[in-house]
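Thanks, everyone. Let me put the model up, and then I'll talk you through it.

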Amino acid sequence: MKLKSLMTEKIHLHIKKAGLAAPQEKEVYSLIEETIHIRILDAVLEKLPADKHEEFLEKFHREPDDLKLMAYLRHHIADVEKHLKATFSKLEREILKDLNL
């Protein structure tokens with residue numbers, strides 16, 4: 001799954017509403033995508049057993065959009081979807097708060 005597709009409509013609307021020039025808007029999207037990537041990956045590694053980190057990171061590095069990664073995570077992390085959804089919801093609130101500044 002592409003990280004940009006994880007951005008909610010609320011985030012897109014706030015960015016568009018800011019009326020930034022194209023280069024600045026591109027930079028904002030880039031920063032948000034990077035933040036999402038780091039925070040979601042951190043959330044995964046926080047719950048994934050330490051002895052599975054290297055294996056997961058190798059798989060993720062080879063094919064970050066591979067849907068089999070979720071199956072792998074489901075196998076090793078209880079309620080992984082719930083954990084990721086909570087992480088993303090919190091991150092979305094933080095991003096929206098920052099965009100309102």
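This is a predicted model: local features need pLDDT of at least 70, side-chain atom pairs count only at pLDDT 80 or more; totals for chains, interfaces and linings use all residues.

Let's start with H2. Helix H2 covers residues 22-47.

Which residues of H2 are buried? They are Glu-25, Tyr-29, Ile-32, Ile-36, Ile-40, Leu-41, Ala-43 and Val-44. Note Glu-25 in that list. An α-helix has 3.6 residues a turn, so residues three or four places apart point the same way. The cover over the buried residues of H2 includes H1, H3, H4 and H5.

Now the packing of H2 on H3. Helix H3 runs over residues 53-62. The angle between H2 and H3 is about 145°, and their axes are 11 Å apart. The crossing is right-handed. On the H2 side, the contact uses His-37, Leu-41, Val-44 and Leu-45. On the H3 side, it uses His-53, Phe-56, Leu-57 and Phe-60. By class, that makes 6 nonpolar residues, 2 polar and no charged ones.

Next, the core. In soluble globular proteins, nonpolar side chains tend to be buried together. Here, the largest nonpolar core has 21 residues. Ile-36, Phe-56 and Leu-73 have the most contacts inside it. At least two residues of this core come from each of H1, H2, H4 and H5. H2 gives the most, with 7 residues.

Take Leu-73. Leaving out residues up to four places away in sequence, Leu-73 touches Val-44, Leu-48, Phe-56 and Val-80.

Leu-48 sits in the loop between H2 and H3. Is Leu-48 buried or exposed? Its relative accessible area is 4%, so Leu-48 is buried. Beyond its neighbours within four places in sequence, Leu-48 contacts His-53, Phe-56, Tyr-72, Leu-73, His-76 and Ile-77.

Compare Asp-79, in the loop between H4 and H5. Asp-79 counts as exposed, because its relative accessibility is 56%, over the 50% cut-off. Its phi is near 55°, a positive value in a residue other than glycine.

Terms used
Residues are numbered from 1 along each chain as its sequence is written. Side-chain values use heavy atoms; hydrogens and water are left out. Axes are lines fitted to C-alpha atoms, for helices over the stretch in contact, and angles run from 0 to 180 degrees between N-to-C directions. Helices (H or I, at least four residues) and strands (E, at least two) are DSSP runs, numbered from the N terminus. A crossing is left-handed if the near helix is turned anticlockwise from the far one by less than a right angle, and right-handed if clockwise. Contact means heavy atoms within 4.5 Å. Ala, Val, Leu, Ile, Met, Phe, Trp, Tyr, Cys and Pro count as nonpolar, Asp, Glu, Lys and Arg as charged, and the others, Gly among them, as polar. Buried means under 20% relative accessible area, exposed over 50%, partly exposed in between (1.4 Å probe, protein chains only). A nonpolar core is a set of buried Ala, Val, Leu, Ile, Met, Phe, Trp, Tyr and Cys residues joined through side-chain atoms within 4.5 Å.
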